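Please open the structure in your viewer and keep the selection tool at hand.

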Amino acid sequence: MTTLENIPSYLDQTPDVAARFQRLVERPVALEVKGLTKRFESSRGAITALDNLSFNVHKREFTCVIGPSGCGKSTLVRILAGLETATSGEVLVDGKAVSGPSPNRGMVFQGYTLFPWLSVKENVMFGPRVTGTSSVTAEREARQWIDLVGLGKFENAYPHQLSGGMKQRVAIARALANQPRVLFMDEPFGALDAQTRCEMQNYLLDIWKNVDITIVFITHDLDEAVFLSDRILVLDANPGRFREMVQVPVPRPRHNDQLFEPTFGATRKHIENLIHPPGREQKEAPVLRIAKPDPDVI
Ligand SMILES: Nc1ncnc2c1ncn2[C@@H]1O[C@H](COP(=O)(O)OP(=O)(O)OP(=O)(O)O)[C@@H](O)[C@H]1O
Ligand SMILES: [Mg+2]
């Protein structure tokens, strides 16, 4: 019988999954993070957002980063993308040190960041045009990326004519148009409703399958992390430190029915226990009572 106690046994890898991880770690390292520390000076004193963080991501790996709010996930991804400098430590992409933004690192944020005055096609062409690609080539390539995210019929639409999910698909196409080696995504589906979010996760896995890209994806959502990832980097908070790199033993290709399978549940539970260890005291929320206690309303 399945009990809560024996659920972790489902974290054992089947031979197929173990072989997949063996192949994964034999691939070249795409992203190397070495002893990364980030301190912010503020009027309230110094804050250490990240403390001596090290990990590797292999070529074409899908890695999620998860951890409590404020543990430094966005800070990490901004440093990896070259949008922020580290206090100490080093980040290498394909063996080269990151010292600023570059087209070989793409970024998709949670907020909708399309240029509202440009059409879908013009948004996607924007990066390649800035880096000197001719308008004919940029337009031809933009169409391919727009088709890849399933928005071929909307290439002349403007962002205000699109749903939230469609806007994020354009944001992904725009990031891919620069042909980055690594794509960093900071809670890209965080503002979407549950059903659209689920559709977008499936879209993203299809895109990942069809494009030579390594993905580092920040999320708060445990199901999303398990559904998407090969491995999940779990961070501790205050300061943000390495907790564990969890290998996700759920077979690929992924499909939504796997959410109800024991291996999926066990992986999710394992990560939840890392983030909120059982027995660690939860802060009591202040009680504001403006109605009489009622035993049926609890
Ligand atoms: N520019 C800044 N100046 C000062 N402190 C900052 C700055 N940016 C982030 N911090 C601090 O660094 C810590 C990590 O912030 P960060 O936004 O990276 O966390 P996060 O894990 O992304 O949080 P969330 O899950 O809520 O998005 C927090 O304590 C935050 O207050
Ligand atoms: Mg954040």
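The stops below lead from a sheet to one of its strands and then to a single residue.

This is a predicted model, in which local features need pLDDT of at least 70 and side-chain atom pairs count only at pLDDT 80 or more, while totals for chains, interfaces and linings use all residues. Residues are numbered from 1 along each chain as its sequence is written, and chains are lettered from A and ligands numbered from 1 in the order in which they are written.

**The sheet.** Select the six strands of the open sheet, whose order is E6-E7-E8-E3-E9-E10, with mixed pairing. Helices (H or I, at least four residues) and strands (E, at least two) are DSSP runs, numbered from the N terminus; two strands pair if DSSP finds at least two bridges between them. Strand E6 (105–108) and strand E10 (241–247) each have a single partner strand, so one side of each has no neighbour in the sheet. On average, neighbouring strands are turned by 20° against each other, direction ignored; axes are lines fitted to C-alpha atoms, for helices over the stretch in contact, and angles run from 0 to 180 degrees between N-to-C directions.

**Strands E3 and E9.** Select residues 62–66 (E3) and 231–236 (E9), which pair in the parallel sense over four bridges. Ile66 stands opposite Val234 in E9. Next, select helix H2 (residues 73–80), which packs on the sheet and touches E3, E7, E8 and E9. Contact here requires C-beta atoms, placed from the backbone, within 7 Å. The direction of H2 makes about 150° with that of E8.

**Strand E7.** Select residues 182–186.

Follow the chain from E7 through helix H6 (residues 194–210) to E8, a right-handed β-α-β crossover. Right-handed means that, with the strands pointing away from the viewer, the path from the first strand over the helix to the second runs clockwise.

**Phe189.** Finally, select Phe189, in the loop between E7 and H6. Phe189 counts as buried because it has 25 C-beta neighbours inside 10 Å. Leaving aside neighbours within four places in sequence, Phe189 is in contact with Gln168, Arg197 and Met200.

Definitions and conventions: Contact = placed C-beta atoms within 7 Å. Buried ≥ 20, exposed ≤ 12 C-beta atoms within 10 Å, placed from the backbone.
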